[in-house]
Amino acid sequence: MTDEPVLAVRDLVVEYRTPAGPVRAVRGASFDLYEGESLALVGESGCGKTTLGLALLRLLPRLGSTPHGEVRYRRADGSTVDLLTMRKEQLRRFRWHEAAMVFQGAMNALNPVLRVQDQMYDTIRAHRSMSASAARKRCHEVLDMVRLEPRRVMPSYPHELSGGMRQRVLIAMALLLSPRVLVLDEPTTALDILTQRSIVDVLQELRRELGFAMVFVTHDLALAAELADRVATMYAGRIVELGDSRDVFAAPRHPYTAGLIRAVPPAVGEATEISSIPGGPPSLAALPPGCPFSVRCGLSAEVGDGDGPAGVCVQADPELTRTGERHEVACHYSDRVEFTREVVVDGV
Amino acid sequence: MASEPLLSLESVSQVFTSRRGEIPAVRDVSLDLAAGTVLCLVGESGSGKTTTARIAAGLNRPTGGTVRFAGRDVWGGDRTAFREFRRSVQYVHQDPYASLNPIRTVFATLAGPMRRHRLVANRDEAWQKASELLERVDLTPPENFLTKYPHQLSGGQRQRVAVARALTLGPKLIIADESTSMLDVSIRISLLAMLSRLSTDLGVAFLFITHDLALAKYFGRDGDIAVMYLGRVVEYGPTREVIGTPRHPYTRALLAAIPEPDPELNARKRSAGSLLRSMDTPSLLRLPTGCTFHPRCPSWVEGECDVSVPRLEALDADARHEVACPPVLRQEADAAVPALSEQDGTG
């Protein structure tokens with residue numbers, strides 16, 4: 001691992017065109033992704049996490065644009081390139097080769113009328129000149145990696161596979177051209193518990209073996225705790241907390257992250273306190289003044305003495321600020337966030 | 001259970017016929033649910049939990065076994081009893097985007113069943129009653145919601161409307177089929193808290209179906225839980241006991257597989273290693289012989305588990321905790337009488 005990040009995102013803004021004017025879904029996100037590292041983007045629906053994930057590979061739908069910011073990718077030879085200014089042909093070569101996207105497999109990420117093998121061959125052929133037998137061999141390799149039986153899966157149509165198998169096929173396809181970065185959208189959502197477990201195990205193992213870096217988008221905090229080295233919590237289009245997952249889960253410094261963790265009931269042991277966050281995320285088209293979380297924030301209300309959110313929370317949207325060596329938070333009162341998650345466990 | 005159960009399934013089975021053969025979706029399932037209590041059904045896709053729920057709701061007629069509601073056989077031919085049963089049991093579906101009619105306002109959605117069953121005399125009364133229902137499900141002030149269409153509501157709000165609709169006829173049992181799985185974590189907990197309150201305030205019983213054991217444990221902590229695998233119940237008992245000390249290898253594997261929002265705990269869990277021999281769930285069309293879990297079970301006994309079909313049996317005479325796994329039951333029996341076996345030296 002070198003000190004330079006493989007992906008450096010700076011002040012990235014994503015806008016969607018709507019009949020009512022542009023709406024900012026991502027409002028200035030900055031983070032680094034280092035080689036071999038796994039970063040989770042977590043948050044509720046509509047917080048901009050999927051949009052940010054798509055923007056990293058410039059896969060935004062047509063109504064989306066990136067008016068501002070930089071996504072700087074560092075190649076293996078050390079040279080860097082800003083993805084947002086890449087030309088079409090350059091971008092085509094970049095995707096799959098350098099960085100690949102794994103969409104939510106339970107949904108319609110695979111072409112339903114093509115056999116798995118044809119979709120895999122297409123991907124290879126679009127990017128590399130490879131003989132049929134070499135392509136076949138490569139497909140076998142990646143399917144083996146995700147613990148699928150190539151002979152059974154390759155001639156199948158997507159509908160003949162289970163949700164977990166489809167997700168594994170998508171991961172295998174993403175690995176075809178040995179990319180250095182993987183972006184995964186909700187990799188285990190809508191899958192059964194044991195299937196989720198096998199996907200998680202496969203990803204952990206592959207990351208150890210192949211050393212790619214990955215960014216994954218999830219609303220499942222437990223998955224982030226399981227699979228991520230670092231966690232970025234998003235709220236209303238911004239990263240509001242970013243840090244090593246051990247730190248973030250042991251001592252979250254943003255009241256929103258703390259609230260999300262408190263809302264997850266544990267499977268093992270008894271949690272002393274499970275609570276929800278009141279209200280819902282604000283509309284991105286009409287954000288409240290100041291910190292967009294202030295209207296739901298218990299801490300701010302406490303500081304404000306029952307008079308609604310504290311003054312400073314309504315006046316200024318806090319910047320992401322360093323609070324620990326590798327921990328950044330965007331909260332005016334981050335030093336007052338109290339968090340204990342006591343789970344009484346015996347014998348795990 | 002001393003009192004007569006509100007709903008009981010007595011060895012119900014459901015076989016579907018498809019072009020590829022017969023699909024035994026539910027086999028020999030017996031469950032009891034007392035008034036005002038919670039029963040959780042957990043299992044993976046294909047475990048038969050939704051089919052069991054549909055049988056419990058009277059939406060499917062089982063191909064075998066008996067469904068009793070308040071003691072009466074609902075398929076026994078008594079039409080009044082059947083109507084009474086259907087009105088007393090309401091179903092809340094998984095997807096609030098699909099289960100509400102998009103061209104009906106919240107008021108129309110709630111007023112429909114009330115009018116049809118003549119529970120209200122006129123529109124004003126229906127409005128009044130609909131408002132009360134919305135308050136029950138924490139959609140306040142109700143005037144803000146009654147004139148809205150589903151597309152104007154968030155997922156959590158829609159699901160609350162679906163619950164309010166289920167309450168219109170004063171049900172005794174609500175069947176919630178993965179009703180919170182499409183919602184964000186924070187909204188999920190507040191919806192569950194609301195359902196718990198309904199259970200306490202109105203004495204409504206819940207059949208809660210989920211694949212998430214942590215959620216079942218949270219919502220059903222004072223009730224019972226049944227773990228299903230390939231159409232059969234493999235473990236059944238008070239939720240606290242089943243989740244606290246799971247006995248069936250399948251339940252144990254499920255619990256071990258769930259990630260927790262705690263990296264340290266996950267690392268410890270992971271170091272325990274995988275608990276299954278195979279990741280693949282067998283097809284219902286080609287079920288394994290004997291115990292259907294044996295091809296995946298880490299502690300199967302050759303010549304026994306692949307031959308004979310295990311039955312649910314209580315761990316000991318006065319326990320309500322039942323397990324369908326003879327090796328586990330034998331272990332329990334041995335552990336229960338250590339002093340005795342030491343004395344006479346047979347072990």
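Predicted model: local features only at pLDDT ≥ 70, side-chain atom pairs only at ≥ 80, totals over all residues.
Modeller: Residues are numbered from 1 along each chain as its sequence is written, chains are lettered from A and ligands numbered from 1 in the order in which they are written, and side-chain values use heavy atoms, with hydrogens and water left out.

Biologist: Why are α6(A) and α7(A) called roughly parallel?

Modeller: Helices are DSSP runs of H or I of at least four residues, strands are runs of E of at least two, and both are numbered from the N terminus. Helix α6 (residues 163-175) and helix α7 (residues 193-210) of chain A have axes that come within 10 Å and cross at roughly 15°. Axes are lines fitted to C-alpha atoms, for helices over the stretch in contact, and angles run from 0 to 180 degrees between N-to-C directions. Under 35 degrees counts as roughly parallel, over 145 as roughly antiparallel, 65 to 115 as roughly perpendicular and the rest as oblique. The two helices are therefore roughly parallel.

Biologist: Which residues make that contact?

Modeller: Contact means heavy atoms within 4.5 Å. Among them are Ile171(A) and Leu175(A) of α6(A), and Leu203(A) and Leu206(A) of α7(A). The residues of this contact divide into six nonpolar, four polar and one charged. Ala, Val, Leu, Ile, Met, Phe, Trp, Tyr, Cys and Pro count as nonpolar, Asp, Glu, Lys and Arg as charged, and the others, Gly among them, as polar.

Biologist: What makes α3(B) and α4(B) roughly perpendicular?

Modeller: Helix α3 (residues 106-116) of chain B packs against α4(B) at an angle of about 110°, with the axes 9 Å apart. That angle is in the perpendicular range, and α3(B) and α4(B) are therefore roughly perpendicular to each other. Residues in the contact include Phe107(B) and Leu110(B) in α3(B), and Trp127(B) and Leu133(B) in α4(B). By class, the contact has ten nonpolar, no polar and three charged residues.

Biologist: How do you know that Glu264(B) and Arg246(A) meet in a salt bridge?

Modeller: A salt bridge is a side-chain nitrogen of Lys or Arg within 4 Å of a carboxyl oxygen of Asp or Glu. The side chains of Glu264(B) and Arg246(A) are 2.9 Å apart, N to O, and meet in a salt bridge.

Biologist: What is the area buried between chain B and chain A?

Modeller: About 3,400 Å², of which carbon and sulfur atoms give 61%. Buried area is the accessible area (1.4 Å probe) that two parts lose on being put together, summed over both. In this interface, 38 residues of chain B are in contact with 37 residues of chain A.

Biologist: What makes Glu37(A) and Arg230(A) a salt bridge?

Modeller: Their side chains meet at 2.8 Å, N to O. The pair links distant parts of the chain, 193 residues apart: Glu37(A) is in the loop between β2 and β3, and Arg230(A) is in strand β9.

Biologist: Why point out the phi of Glu186(A)?

Modeller: Most residues other than glycine have a negative phi, and most peptide bonds are trans. The phi of Glu186(A) is near 45°, a positive value in a residue other than glycine. Glu186(A) is in the loop between β7 (181-185) and α7 of chain A.

Biologist: Which residues does a cis peptide bond join?

Modeller: Thr140(B) and Pro141(B), with omega about -10°. Pro141(B) is in the loop between α4 (123-136) and α5 (143-146) of chain B.
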